[in-house]
Amino acid sequence: MNPIRIQILQILNEEDQNLSKLATKIGLVSNSEISRHLSRLGEQSLIRKERETGRYYQITAFGKAIMNSLDNFVFLSINSDYFTDHSIADIPLSLQSQISVLQNAEIISGTGNVMHKIKEFMELPIKKLRIIVDSGYPFLNTEAEISVIVPESMNTTENQEDPSLKSFKIGLLPSVPITMALCDLEIGIIAFPRESENNPDVSKCFYIQDPQGIKFLEQIWVFFWDKAQKISN
């Protein structure tokens, strides 16, 4: 669990490296110290020297399996301040085990900053928009094909009868534990609930623009949409 050894494994999980390149990528560590860490990793069969020249280090199949397990741990540890009091228990276990795909997401803090980011998001030239929300949902982009999941307790009549909306579909759930927005421009936002509550905490969210993170949000959307009672205008 030494952080330098974890970093070495992360680098080798992407590409084989020689000693000097590893030292350069990690920085502030001498070649002799890197060599010591490499020896420890080799003793545990996590890495090995490639056979052709013996100069490059590569991760083993065992090392890759360990890294697949470690990714979540490393991500949760880095963001321990958030995950100490925020829960991901409302999404399926299969998705909880993929939470590290959010490692490239931008974390937006502060309700005002989050709302501003959502406003910017809604003003994009979106053609397809999927939203999960537990409160009012004023949409600025009326040309988009919109699907929204809301709590059964919300009054959706006005939105269903709004003639300015091009296409609007509603899914109803007894409660909505997360807030999420996902569009066809491969941009998404998600906020999880505090552990002691059952409603999303929109004072801090993950803003996602990478393919893995978007795929993760799509899977969350499908999970909740399949459970929801559908209403169409």
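Is Cys205 buried or exposed? I get buried, with a relative accessible area of 1%; the cut-offs are under 20% for buried, over 50% for exposed and partly exposed in between, with a 1.4 Å probe and protein chains only.

Ground rules for myself: this is a predicted model, where local features need pLDDT of at least 70, side-chain atom pairs count only at pLDDT 80 or more, and totals for chains, interfaces and linings use all residues. Residues are numbered from 1 along each chain as its sequence is written, and side-chain values use heavy atoms, with hydrogens and water left out.

Next I looked for disulfides (a pair of cysteine sulfur atoms within 2.5 Å) and found zero. Cys183 is in none, its nearest cysteine sulfur being that of Cys205, 14 Å away.

Then the cores, meaning sets of buried Ala, Val, Leu, Ile, Met, Phe, Trp, Tyr and Cys residues joined through side-chain atoms within 4.5 Å. The largest has 29 residues, and Met180, Phe206 and Ile220 are among those with the most contacts inside it. H9 (211-227) and E8 (179-183) are among the elements that each supply at least two of its residues; helices (H or I, at least four residues) and strands (E, at least two) are DSSP runs numbered from the N terminus. H9 gives the largest share, seven residues. I also noted a second, separate core of 23 residues, including Ile126 and Val133.
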